[in-house]
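Here is a friendly walk through a few local features of this protein. Have the sequence and the model open side by side as you read.

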Amino acid sequence: FYNTHTNEYLDVTYWRDGRYDAAAMEEISIYLRDHRRGTHIAMSRDTINLLYDIKIRLQARYPDKEIRFSVISGYRSPETNAMLRANGGGQAKKSRHMHGDAIDIRVKGVNSAEIRDIAWCMQRGGVGYYRGSDFVHVDTSKVRYWNWEPTDSTCAGEERPAS
């Protein structure tokens, strides 16, 4: 990870010997903290797994590229979310960021629309696309999309989950 607000990097192995590494998961949660308030909550394992699976798919497409997620937003406290909304930032009133199961990302040198499509085809939660700001929102709540619309060709050639 690279945090675009704090300029911090994080390389961590969160799964080893067939189980989650509690210390690594805590490190991820602290890293993805609300940088405005310095608070954090436990990030969703499902969300971290989703990021890992997106990374694996990107690495398959770009074997010579380092796939590092630039983090625009991880956890947001309710107070920060309300402040950003009040300032016209467009944050959802019930944002999944406040629950630790959402993250806004981009990858240097990869079109964010490609990340969006990969996430959508996985059907593991919400996928928002912010073309003007060049980032993708992913969460592990209900499957839905906004600021874009999938087409019949969105998942052409993509591995889809079993029905």
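Predicted model: local features only at pLDDT ≥ 70, side-chain atom pairs only at ≥ 80, totals over all residues.

Residues are numbered from 1 along each chain as its sequence is written, and side-chain values use heavy atoms, with hydrogens and water left out.

Let's begin with helix H4 (residues 112-122), where 11 of 11 residues are buried. Buried here means under 20% relative accessible area, with a 1.4 Å probe and protein chains only. Helices (H or I, at least four residues) and strands (E, at least two) are DSSP runs, numbered from the N terminus. The cover over H4's buried residues includes these elements:

| Element | Residues |
|---|---|
| Helix H2 | 45-61 |
| Strand S5 | 102-107 |
| Strand S6 | 126-130 |
| Strand S7 | 135-139 |
| Strand S8 | 144-146 |

At the start of H4, Asn111 brings a side-chain oxygen to within 2.8 Å of the backbone nitrogen of Ala113. After the helix comes Gln123, with a positive phi near 55°.

Helix H3 (residues 78-86) has Thr80, Asn81 and Leu84 as its buried residues. These lie on the same side of H3 because they cover an arc of only 100° around the axis, taken from the directions from the helix axis to the C-beta atoms. Gly88 follows H3 and has a positive phi near 80°.

Finally, Ser70 sits in strand S4 (residues 69-73). Ser70 is buried, at 12% relative accessible area. Leaving aside residues up to four places away in sequence, Ser70 touches Tyr2, Thr4, Asp104, Ile105 and Arg106, where contact means heavy atoms within 4.5 Å.

Note on methods:
Buried < 20%, exposed > 50% of the residue type's maximum accessible area, 1.4 Å probe, protein only. Polar contact = N/O pair within 3.5 Å; in protein donor to acceptor, adjacent residues only side chain to side chain.
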